[in-house]
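Hi everyone, thanks for making the time.

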Amino acid sequence: MLRLARVLKIPIETRAIKRSWLIDEIVIEFERREPEKIPTPKLHSPAIQIEHLEKRFGSKVAVRDFELKVNPGEIVGLVGPNGAGKTTTLRVLTGIIKPTKGTVKVNGFDMFKETLRAKHSIGYIPEKPTCYPSLTAREYVMFMARIYDLPTEIALVRMRYFVDVFQLDEFLDSYIGTLSKGNLQRVLLVGIFVRNPPYVLALDEPIYGLDPRGAWNLKALLKRLRDEGSAILISTHILEVASELCNRFVIMNEGEAVGRGTLDTLLSNHKNARNLEEVFLGLTGGIPQ
Amino acid sequence: MLYNQFKQTITTPSMLLFYCVTVFGIFFVSMIVSSLLTLSPVFFQLGTILEDIIDRGMLFAAFGLLSVTSVVSGFFGLGPASGLTSIQENVLLPAPVLPHQVFLGNYVRRIIRRLVFAFLGVLAILPLLTEANLLFFNAFFLIISFIVFLETNYFLGAVSSYIRITVERRTRSRLRYFLAVLLGMIVFYPVFPEFTSTFTPAFLAPSNAFGLVLTEMSGVFSINLSFMIGFQLQFIVFFIALLFTANICNYDYYELFSLVKGRDEMEGNFSRFARGEVDFSNNRFRDPMVWIMLKDFYSRLRSPFQIWKYVYVVVGTIFVVYLNLFHPEWFRSVQIPPNLAFAVVPAFLLMLILLIQMSSVTSMLSFVDEKENVYLLKASPFRSRDIILAKFLLSLFEVGIAVIPACGLLIYILRIEGYIALITLAAPLTILFTAIGIAIGAYVPVLTNDPRTLPVPLAFSYPIINLSLGTLLLGIVTIFAGNLYLLLILPLYSVGFMAVFLGIAAKALNSYL
């Protein structure tokens, strides 16, 4: 709170007051600055556009002729068995690796021609969460804010908000190397949400390691962000999570999209299937007897 | 991050302890060595001896070969991608940060760490430097110059790697590998005596500039120039090479890093070949200790990086047997001048300690090689002492066989009287160093929750503890030489310390994070 007051240049004599009064001071300062606020930008539609994507590693084809569109206000689930090419797709989407063929656009920017602008738009949570062990959670979040050119006062407010959402308060000054997997995942999530909404998100197993409360909070947050106009692509094995969260699904198998559409479309295309799990099993090798 | 690491080190008692052991250990060893040896006459005569044995061109050629090695290995290597980490892959590579910014960030961190280690190193060997009448600042200056030389070589390797990537984009012909030879020749060309016997623009070449600093600072092969000229040239070329490397960093290196990382995680052709038809699950042993040893042995044999240790043992042993039997003309043993005869036995013993130290690094890695599986091992229904003993016995076997070629080479190179008696010291040293390695390795998961990474203080304290106890062992041997009690004291010393360190290892295993 005091740091925020310092960033906002609230006079030092005014800071030595009760916490509730300081909150009022901060709110007044924010309201005073409100006219300077830049209007919330809208995402390009589609926010994620992958066309004819092919990715080879030597002679092995990891992803073949893959197409995907995610519009603002939509959560798309990328589901598939192990080795189906989901993580490779997300790594190409986030610009970590280059496609062998095809184009990838994020918020209208080509990932490999306007790389910085495209990367500025997308937030990524990897399959295996890793982070700098020698940074504290607070330092990491501020580091991310700095990378994404966020004003310090906005970063502090957002950090406080998401720290409360993910119940990270007691770990804020802990070294990341000492955190459990679940808490590390929360820190990474705060790191991507500290930026300006609306978001374009590529989340690889985002529920991984979260306890039921953390998972519930994240799902509620993702639904709210979707309703506010964010575009979210979730890769997951957990079909319950996918069916609960996603508007549409793309089912991948052996590097190709073998099914796509809303749950209703998928169920109508597969008459014998009663739920997403059975559609998934039917498209990826058949339902085990 | 560096600041945080420093803060963590000085606030974590175990880390601080290991750093103290490292720095004061080196200080202690250098004090002992400087009191045992009279180094200043050796250093003063070294220049004359060097001038008698080799010529100026040969000295410069030796440094030139270092640059050639960097260029050729850089051609086949990762270049700036070697500095990337999995964490950066997840955090910085998808972020709106340019590749050269990632490279420069990594590089500045790396250079600060190196300078700090260089400073601590010079500080720790201060007794040796004082005894040898070498000025502290000269030694520090020379180390800085050497670091700048190595770093410039690293950049040459990075440029070489960039050339390969650029060429591979156009052709996959096998002829492209000849480029490595061509680049090596280009780097070696300015080293020829025609360019180095007098001051020429060829001194811009990193190896020549370092050679100039060394020769002018020491006065050996001097051409009466100020060594500062060489130092300035080194820095000019260093900064040009740094900026050039930053400039060539692009997204291709992200791709390269991901590819190599993926390859590490997949089973390579070589490991399939190494595995053969052997299935160690078909054996009659029921002791869990033997199973841990078998698991480790076959895991290592099947790892492309580890099997080279065994290949080295076989090839190295054949080679030293050949050397000692046939004394080939093309590789003669060192002829020690009579005025340096007094230093031969201590030199032999110090080299023996160093060689065994190098061979025993395997033991320190026996727990690190388990990676996250170390927790699985810990959670298995084995007694801690069985795990420790299994790790110790297999490491002892591996270190033992790796020591054989090293000792054979030492005997051949420094053919001194009474070498048979001296070389038997290899056995207690091997036992001791292996046990220390196991204890240090067992502490990795105690100090960090990333058991695949060896913390720097642990890695540094290992050779220092070895050198300290090795030197102490030599001291005992010197004191009791000719006394029958030595036959009792020596086994007691090595087995006693072995038991202590294995006990420490078991204690570490019981206190994992």
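**A walk through the model, from a strand outwards**

Let's begin with strand 7 of chain A, which is mostly covered: five of its five residues are buried. Please keep in mind throughout that this is a predicted model.

Which way do the residues of strand 7 of chain A point? Val200(A), Ala202(A) and Asp204(A) go one way, Leu201(A) and Leu203(A) go the other way, and all are buried.

Now look at what flanks this strand. Strand 6 of chain A pairs with strand 7 of chain A in the parallel sense, over four bridges. One example to click on is Gly123(A), whose bridge partner in strand 7 of chain A is Leu201(A). Strand 7 of chain A is also joined to strand 8 of chain A, residues 231–236, by five bridges, and these two run parallel. There, Val200(A) has Ala231(A) as its bridge partner in strand 8 of chain A.

Val200(A) comes back when we turn to the core. The largest nonpolar core has 107 residues, and those touching the most other members are Ile48(A), Val187(A), Val190(A), Val194(A), Val200(A), Leu233(A) and Ile234(A). Which helix gives the most to this core? That is helix 8 of chain A, with seven residues. Take Val187(A) as a case: leaving aside residues up to four places away in sequence, Val187(A) touches Cys131(A), Ala137(A), Tyr140(A), Leu168(A), Ile176(A) and Leu179(A). There is also a second, separate core of 54 residues, and among its members are Ile292(B), Ile411(B), Ile431(B) and Ile465(B). The general background is that in soluble globular proteins, nonpolar side chains tend to be buried together.

Next, the other sheet I want to show you. This one is an open sheet of four strands in chain A, in the order 2-1-4-5, with antiparallel pairing. Its edge strands are strand 2 (60–70) and strand 5 (109–110) of chain A, each of which pairs on one side only. Between strand 1 and strand 2 of chain A, which run antiparallel, there are seven bridges. If you want a pair to find, Gln49(A) has Lys69(A) as its bridge partner in strand 2 of chain A. Lying across strand 1, strand 2 and strand 4 of chain A is helix 4 of chain A, residues 86–93, which runs at about 115 degrees to strand 1 of chain A.

Let's zoom out to the whole of chain A. Its secondary structure comes to twelve helices and ten strands. How does the radius of gyration of chain A sit against the globule rule? The value is 21 Å, close to the 19 Å that the rule gives for 289 residues, so chain A is as compact as a globular protein of that length. Along the principal axes, the C-alpha atoms of chain A fill a box of roughly 70 × 40 × 35 Å. Of the 289 residues of chain A, 42% count as buried. And among contacts in chain A between residues at least 6 apart in sequence, 67% join residues at least 24 apart.

What about the contact between the chains? Chain A brings 23 residues and chain B brings 22 residues. On the side of chain A that touches chain B, helix 5 (115–121) and strand 6 (122–125) of chain A each supply at least two residues. The largest share of that side, four residues, comes from helix 5 of chain A. By type, the residues on that side of chain A are 14 nonpolar, seven polar and two charged.

Finally, some backbone details worth a click. Ser45(A) and Pro46(A) are joined by a cis peptide bond, with omega about 0 degrees, and Pro46(A) lies in the loop between helix 3 and strand 1 of chain A. Another cis peptide bond joins Pro197(A) and Pro198(A), with omega about -5 degrees, and Pro198(A) is in the loop between helix 8 and strand 7 of chain A.

Two residues have a positive phi without being glycine: Glu205(A), at about 50 degrees, and His327(B), at about 45 degrees. Are they buried or exposed? Glu205(A) has 20 other C-beta atoms within 10 Å, so Glu205(A) is buried. His327(B) has 12 C-beta neighbours inside 10 Å, so His327(B) counts as exposed.

Note on methods: Residues are numbered from 1 along each chain as its sequence is written. Chains are lettered from A and ligands numbered from 1 in the order in which they are written. This is a predicted model: local features need pLDDT of at least 70, side-chain atom pairs count only at pLDDT 80 or more; totals for chains, interfaces and linings use all residues. Two residues are in contact if their C-beta atoms, placed from the backbone, lie within 7 Å. Ala, Val, Leu, Ile, Met, Phe, Trp, Tyr, Cys and Pro count as nonpolar, Asp, Glu, Lys and Arg as charged, and the others, Gly among them, as polar. Two strands pair if DSSP finds at least two bridges between them. Axes are lines fitted to C-alpha atoms, for helices over the stretch in contact, and angles run from 0 to 180 degrees between N-to-C directions. The radius of gyration is taken over C-alpha atoms; the globule rule is 2.2 Å times the number of residues to the power 0.38. A nonpolar core is a set of buried Ala, Val, Leu, Ile, Met, Phe, Trp, Tyr and Cys residues joined through C-beta atoms within 7 Å.
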